[in-house]
Amino acid sequence: MERLQKYIAECGIASRRAAEELIKNGKVTVNGKLITEMGVSVDETKDAVKVNGKIIKKSNTKVYIMLNKPEGYVSTAKDQFDRPTVLDLIDYNKERIVPVGRLDYNSRGLLLLSNDGDFIYKMTHPKHHISKTYEVKVKGIPTDDQMARLRNGIILDGKKTEKAQVKIKRMLDKNSIIEIVIHEGRNRQVRRMCDKVGLTVVTLTRTKIGTLTLGLLKEGEHRSLRSEEIKRLQDLAN
């Protein structure tokens, strides 16, 4: 027996937190009964679980893909405004896969996709402290005060962000490239942090997740993770 939201995640439908929202929003049934509260456990050998009216089951094949996301794509499986999604860039239809975390519409860089619910949970839940590294081009040159505020934490939605690693990588004619390393994944977090200290973001690129880097992967391209890459990421979360 396992918790319903974990089972949904293990089926590759959504992350565990997103699965909880599906349950709360009345999208899930177990053996024909609508479930809207947490705490339900299911037995995959006996119970019929449906999401949006479709039966779901775990896949025996685990899929782990890294994508160099361009701007102009949303990090969801489907968009309510019919904008292009990152799945439009993946020539893979054997198993249902979902984005691992977020990378907003106007941002580019490293994004993972998988159908392994446990892996998705480990990569996205703040308690596992998986670092995400961003290169951010901003207008002007950040002041010492702005850099210190970014490092020490910014109040977003009434809660202070965790401390970040921040440094200036290089200075251009009118702009600067700064590197920001965080361990959280709040909505548009890096952009909002910069905005809070008065820095205007020109471009934002995620270059690294944990030990995984973009390497030679070109924008818009994707590849499967190698077994040693998956193991290193999972080891970081343990």
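Contact in this passage means heavy atoms within 4.5 Å. The structure is a predicted model, in which local features need pLDDT of at least 70 and side-chain atom pairs count only at pLDDT 80 or more, while totals for chains, interfaces and linings use all residues. Residues are numbered from 1 along each chain as its sequence is written, and side-chain values use heavy atoms, with hydrogens and water left out. Helices (H or I, at least four residues) and strands (E, at least two) are DSSP runs numbered from the N terminus, and a residue is called buried under 20% relative accessible area, exposed over 50% and partly exposed in between, with a 1.4 Å probe and protein chains only.

With neighbours within four places in sequence left aside, G210 is in contact with I130, S131, L233 and L236. This glycine, G210, lies in the loop between β15 (201-209) and β16 (212-213), and G210 counts as buried because its relative accessibility is 9%. Between G210 and Q165 there are 45 residues of separation in sequence and 14 Å in space, taken from C-alpha to C-alpha.

Two packed helices are in general described by the angle between their axes and the distance between the axes. For helix α3 (residues 117-124) and helix α6 (residues 227-237), the axes come within 9 Å and cross at roughly 60 degrees, where axes are lines fitted to C-alpha atoms, for helices over the stretch in contact, and angles run from 0 to 180 degrees between N-to-C directions. The arrangement of α3 is therefore oblique to α6, given that angles under 35 degrees count as roughly parallel, over 145 as roughly antiparallel, 65 to 115 as roughly perpendicular and the rest as oblique. The crossing of α3 and α6 is left-handed, a term used if the near helix is turned anticlockwise from the far one by less than a right angle, with right-handed used if clockwise. On the side of α3 the contact is made by F119, K122 and M123, and on the side of α6 by L233, Q234 and A237. Sorted by class, the contact of α3 with α6 has four nonpolar residues, one polar and one charged; here Ala, Val, Leu, Ile, Met, Phe, Trp, Tyr, Cys and Pro count as nonpolar, Asp, Glu, Lys and Arg as charged, and the others, Gly among them, as polar.

Helix α5 (residues 189-196) is mostly covered, since six of its eight residues are buried. These buried residues of α5 are Q189, V190, R191, R192, M193 and C194, and what covers them includes β10, α4 (144-152), β11 (155-156), β14 (175-182) and β15. After α5 comes G198, whose phi is positive, near 85 degrees. Apart from neighbours within four places in sequence, T133 is in contact with E179, I180, V181, T205, R206, T207 and K208. Helix α4 holds R149, which counts as partly exposed because its relative accessibility is 35%. When residues up to four places away in sequence are not counted, R149 touches I154, K196 and V197, whereas R149 and I90, which are 59 residues apart in sequence, are 38 Å apart in space from C-alpha to C-alpha.

The cysteines were also examined. C194 is buried, with a relative accessible area of 0%, and C11 is buried as well, with a relative accessible area of 7%. The structure holds zero disulfides, a disulfide being a pair of cysteine sulfur atoms within 2.5 Å.

Two loop residues other than glycine have a positive phi. Phi of N52, in the loop between β5 (49-51) and β6 (54-55), is near 55 degrees, and N52 counts as exposed because its relative accessibility is 53%. Phi of D157 is likewise near 55 degrees; D157 is found in the loop between β11 and β12 (159-160) and counts as exposed because its relative accessibility is 68%.

Finally, strand β17 (residues 222-224) contains S224, which touches Y64 and I65 when residues up to four places away in sequence are not counted. Although S224 and Y64 are 160 residues apart in sequence, their C-alpha atoms are 5.8 Å apart in space.
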